[in-house]
Amino acid sequence: MRITLPTELEQAIENRAQQQGTTSELLVIEELNHLFLPVKPDTHPIEGSTMADFFKGYIGGLHSSEYVPGGAHLSEDTGRKFRELLLQKHREGKEEC
(Lines give C-alpha, C1' and ligand atoms only; values in the text may rest on other atoms or scores of the structure.)
Protein backbone atom coordinates (compact mmCIF):
# COMPACT_ATOMS: atom_id res chain seq x y z
CA MET A 1 0.00 0.00 0.00
CA ARG A 2 1.29 3.44 -0.83
CA ILE A 3 -0.22 6.59 0.68
CA THR A 4 0.43 10.12 -0.53
CA LEU A 5 0.51 12.61 2.32
CA PRO A 6 -0.16 16.34 2.13
CA THR A 7 3.10 18.31 2.38
CA GLU A 8 2.20 19.85 5.77
CA LEU A 9 1.47 16.45 7.29
CA GLU A 10 4.61 14.90 5.84
CA GLN A 11 6.72 17.73 7.28
CA ALA A 12 5.04 17.42 10.69
CA ILE A 13 5.78 13.69 10.74
CA GLU A 14 9.40 14.25 9.74
CA ASN A 15 9.81 16.88 12.48
CA ARG A 16 8.30 14.62 15.14
CA ALA A 17 10.43 11.68 14.03
CA GLN A 18 13.56 13.80 14.22
CA GLN A 19 12.59 15.01 17.73
CA GLN A 20 12.14 11.39 18.84
CA GLY A 21 15.32 10.19 17.16
CA THR A 22 13.58 7.80 14.79
CA THR A 23 12.59 7.64 11.15
CA SER A 24 9.33 8.90 9.71
CA GLU A 25 8.42 5.40 8.60
CA LEU A 26 8.95 3.84 12.04
CA LEU A 27 7.05 6.66 13.73
CA VAL A 28 4.03 6.27 11.45
CA ILE A 29 4.05 2.47 11.74
CA GLU A 30 4.17 2.66 15.54
CA GLU A 31 1.31 5.17 15.67
CA LEU A 32 -0.80 3.14 13.24
CA ASN A 33 -0.17 0.00 15.29
CA HIS A 34 -1.42 1.78 18.42
CA LEU A 35 -4.45 3.08 16.56
CA PHE A 36 -5.51 -0.03 14.67
CA LEU A 37 -3.95 -2.94 16.58
CA PRO A 38 -4.46 -2.17 20.27
CA VAL A 39 -2.79 -4.62 22.61
CA LYS A 40 -5.27 -6.91 24.29
CA PRO A 41 -4.34 -9.04 27.27
CA ASP A 42 -3.98 -12.69 26.32
CA THR A 43 -5.66 -14.03 29.42
CA HIS A 44 -7.13 -12.89 32.69
CA PRO A 45 -4.85 -13.05 35.70
CA ILE A 46 -4.71 -16.48 37.29
CA GLU A 47 -5.94 -16.61 40.87
CA GLY A 48 -2.97 -16.47 43.22
CA SER A 49 -0.54 -15.21 40.56
CA THR A 50 1.90 -12.43 41.41
CA MET A 51 3.46 -9.55 39.52
CA ALA A 52 6.59 -11.68 39.24
CA ASP A 53 4.50 -14.31 37.45
CA PHE A 54 3.12 -11.62 35.13
CA PHE A 55 6.57 -10.31 34.22
CA LYS A 56 8.23 -13.75 34.01
CA GLY A 57 10.54 -13.80 31.03
CA TYR A 58 10.82 -9.99 30.98
CA ILE A 59 12.60 -9.29 34.25
CA GLY A 60 15.23 -11.03 36.27
CA GLY A 61 15.62 -11.67 39.91
CA LEU A 62 18.09 -13.00 42.37
CA HIS A 63 17.95 -14.76 45.65
CA SER A 64 19.74 -12.81 48.36
CA SER A 65 21.19 -16.04 49.78
CA GLU A 66 23.58 -15.91 46.82
CA TYR A 67 25.13 -12.84 48.47
CA VAL A 68 24.15 -13.04 52.15
CA PRO A 69 24.37 -16.32 54.07
CA GLY A 70 20.81 -17.39 54.91
CA GLY A 71 19.36 -14.63 52.73
CA ALA A 72 18.77 -10.95 53.48
CA HIS A 73 14.95 -11.23 53.72
CA LEU A 74 14.65 -7.68 52.37
CA SER A 75 10.95 -7.94 51.61
CA GLU A 76 10.04 -9.03 55.14
CA ASP A 77 9.00 -6.61 57.88
CA THR A 78 9.52 -3.62 55.61
CA GLY A 79 7.45 -1.24 57.75
CA ARG A 80 9.66 -1.76 60.81
CA LYS A 81 12.85 -1.51 58.73
CA PHE A 82 11.65 1.72 57.11
CA ARG A 83 10.72 3.22 60.48
CA GLU A 84 14.14 2.32 61.90
CA LEU A 85 15.86 3.88 58.90
CA LEU A 86 13.86 7.12 59.32
CA LEU A 87 14.67 7.23 63.04
CA GLN A 88 18.35 6.66 62.30
CA LYS A 89 18.36 9.45 59.71
CA HIS A 90 16.54 11.73 62.15
CA ARG A 91 19.06 10.99 64.93
CA GLU A 92 21.98 11.60 62.57
CA GLY A 93 20.47 14.94 61.59
CA LYS A 94 20.06 15.93 65.26
CA GLU A 95 23.67 15.05 66.06
CA GLU A 96 24.93 17.31 63.27
CA CYS A 97 23.24 20.40 64.76
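Tyr58 lies in the loop between helix 3 (51–54) and helix 4 (78–96), where helices (H or I, at least four residues) and strands (E, at least two) are DSSP runs numbered from the N terminus. The structure is a predicted model, in which local features need pLDDT of at least 70 and side-chain atom pairs count only at pLDDT 80 or more, while totals for chains, interfaces and linings use all residues. Residues are numbered from 1 along each chain as its sequence is written, and side-chain values use heavy atoms, with hydrogens and water left out.

With a relative accessible area of 69%, Tyr58 is exposed; the term exposed stands for over 50% relative accessible area, buried for under 20%, and partly exposed for values in between (1.4 Å probe, protein chains only). Together with Met51, Phe54, Phe55 and Ile59, Tyr58 makes a nonpolar surface patch of about 640 Å². Patches are made of residues with over 30% relative accessible area and no salt bridge; like charges are joined within 9 Å, and nonpolar side chains (Val, Leu, Ile, Met, Phe, Trp, Tyr) within 5 Å. Accessible areas come from the Shrake-Rupley method with a 1.4 Å probe, and for residues only the protein chains shown count as cover.

The protein as a whole contains 4 helices and 0 strands, and its elements run α-α-α-α from the N terminus on. Of its 97 residues, 5% count as buried. The accessible surface comes to about 9700 Å², and 57% of this belongs to carbon and sulfur atoms. The mean pLDDT of the protein is 84, and 89% of its residues reach 70 or more. Among the elements, helix 1 (residues 7–20) has the highest mean pLDDT (95) and helix 3 the lowest (78).

Side chains of opposite charge can pair when their charged atoms come close. A salt bridge is defined as a side-chain nitrogen of Lys or Arg within 4 Å of a carboxyl oxygen of Asp or Glu, and by this rule the count comes to 2. In one of them, the side chains of Asp77 and Arg80 meet at 2.4 Å, N to O. Arg80 also forms a salt bridge with Glu84, and the closest N and O atoms of this pair are 2.7 Å apart. Because Glu84 and Arg80 are 4 residues apart in helix 4, they are separated by about one helical turn.

Asp77 is located in the loop between helix 3 and helix 4 and is partly exposed, with a relative accessible area of 44%. Its backbone has a positive phi of about 55°, although Asp77 is not a glycine. Most residues other than glycine have a negative phi.

The largest pocket holds about 580 Å³ of space. Of the 17 residues that line this pocket, the closest to its centre are Leu5, Ile13, Ser24, Glu25 and Val28. Helix 1 and helix 2 (24–36) are the elements that give two or more residues to the lining, and the largest share, 7 residues, comes from helix 2. A pocket is an open set of points on a 1 Å grid over the protein atoms alone, where a 1.4 Å probe fits, with protein on both sides within 12 Å along at least five of seven lines; lining residues have an atom within 4 Å of a point. Grid points are joined across faces, edges and corners, and a volume is the space filled by probe spheres set on the points.

Ala17 is found in helix 1 and is buried, with a relative accessible area of 1%. The C-alpha atoms of Ala17 and Leu27 are separated by 6.1 Å, and the two residues are 10 residues apart along the chain.

How values were computed: pLDDT = per-residue confidence, 0-100.
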